[in-house]
Amino acid sequence: MSHASLTDKRPGSLRGATLPKWFPWAVAAGSVALGLGVSAAAGLRSDVQWALIAAVLFVVGSYAVSARVEGARQAKDRTATSLVWVAFVMAVIPLASLIWETVKRGVKVLDVYFLTHSMGVVADTEPGGGIYHAILGTLEQVGLATVMSVPVGVLTAVYLVEYGRGRLAKAITFFVDVMTGIPSIVAGLFVLSVWILMMGMGPSGFAGSLALTILMIPVVVRSTEEMLKLVPNELREASLALGVPKWRTILKVVLPTSIGGITTGVMLAIARITGETAPVLLLVWVTNFINANPFQDPQASLPMYIYLQYANSGGSGAAYDRAWAAALTLIVFIMILNLAARAIARWKAPKTGR
């Protein structure tokens, strides 16, 4: 049977007609052109409007052409694929736009001087100054929260997966699920009422770390629990069959096998708390000077720095540029954390051979 008989839609052929591989790209280009034309004809000036029109035309056009050439079954498959691509583009475009806008505006004042100096005696409306005090505060607050939350979260997950049975385990799981949805302002108010109002402690970086710890623990517990469940039971049984105690099996077999996923979960938890503003506003306050002691006096942080600089800028000026530069620094910081997590996960992952 010739190749042509496999692609032609003729009686007796084993395979119906198929559209070329460049068909989706052609439909996408045509949909964008038609979307721009319809938008211009209707007087629509919003990019969102013509983009939505182009997305609808892309899905409808893919189905119509495919149904006529390939049949209804293949047309439904192409429609599902088209919807997936449309959803992907709709998710990527805002993210790319956000990154581009932050980079474009943030590089104006982002330099070595900006990273190594504080605001000091510089007024918010004056040029100059930097974010060294805010970077130092963020690193200390997030670091303390990580030190306190990761051991608690990992050990709790180990208990739930390896030992937890009965009502206690169910109660812990329930409260972890509840804590996952707690707004950051609630955690801040709780620490404010207990640590500052009841115990008489003043605002400090450590007070903010306590609230960040509350927000971080449930994320670490849930992600670690899921990773531990993925470890095959055969590995546990093989270790126990050799007479290895259960605690040593967990330490030497279970945790090393899932260390990649656990590290990724921890990094996600850190990324969540790094940008929190409400607990910092309530518990840490803000200062324009360098405070390297997180256990005493107010301390600066990147989220509060960004908020205050933008609030005092009026939408323009030196403070406005500093706010964008600080936002870019925060994004780069989170990116570095994720890259480090991937490197650690690859380094610590169990080595497999053929």
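A note to myself on ground rules. This is a predicted model, so local features need pLDDT of at least 70 and side-chain atom pairs count only at pLDDT 80 or more, while totals for chains, interfaces and linings use all residues. Residues are numbered from 1 along each chain as its sequence is written, and side-chain values use heavy atoms, with hydrogens and water left out.

**Confidence.** I looked up pLDDT, the predictor's confidence in each residue, from 0 to 100. The chain's mean pLDDT is 86, with 93% of its residues at 70 or more. Helix H6 (residues 132-163) has the highest confidence at 94, and helix H1 (residues 3-7) the lowest, at a mean of 41. Over residues 1-14 the pLDDT is below 50, yet this stretch has 22 contacts in the model beyond near neighbours in sequence. Contact means heavy atoms within 4.5 Å.

**Overall build.** I found 14 helices and zero strands in the protein chain. Helices (H or I, at least four residues) and strands (E, at least two) are DSSP runs, numbered from the N terminus. The radius of gyration is 28 Å, well over the 20 Å that the globule rule gives for 354 residues, so the chain is more spread out than a compact globule. That radius is taken over C-alpha atoms, and the globule rule is 2.2 Å times the number of residues to the power 0.38. Along its principal axes the C-alpha trace spans about 85 × 70 × 40 Å.

Of contacts between residues at least 6 apart in sequence, 69% join residues at least 24 apart. Buried residues make up 37% of the 354; buried means under 20% relative accessible area, exposed over 50%, and partly exposed in between (1.4 Å probe, protein chains only).

**Charges.** I noted 28 positive and 18 negative side chains, with the centres of the two sets 12 Å apart. Lys and Arg count as positive and Asp and Glu as negative, while His and the chain ends are not counted. The place of a charge is taken as NZ of Lys, CZ of Arg, CG of Asp or CD of Glu.

Ala 207 sits in helix H9 (residues 205-229) and counts as buried at 0% relative accessibility. Leaving aside neighbours within four places in sequence, Ala 207 touches Val 191, Trp 195 and Leu 283.

Next I checked Ser 62, in helix H3 (residues 47-69), which is buried at 2% relative accessible area. Its contacts, beyond neighbours within four places in sequence, are Phe 23, Val 27 and Ser 82. Ser 62 and Val 27 are 35 residues apart along the chain, with their C-alpha atoms separated by 6.7 Å.

Thr 329 belongs to helix H14 (residues 318-348) and is buried too, at 13% relative accessibility.

**Two loop residues.** Trp 285 lies in the loop between helix H12 (278-283) and helix H13 (302-311). Its phi is near 65 degrees, a positive value in a residue other than glycine, and Trp 285 is partly exposed at 46%. Asp 297 lies in the loop between H12 and H13. Asp 297 has a positive phi of about 70 degrees although it is not a glycine, and counts as partly exposed at 45% relative accessibility.
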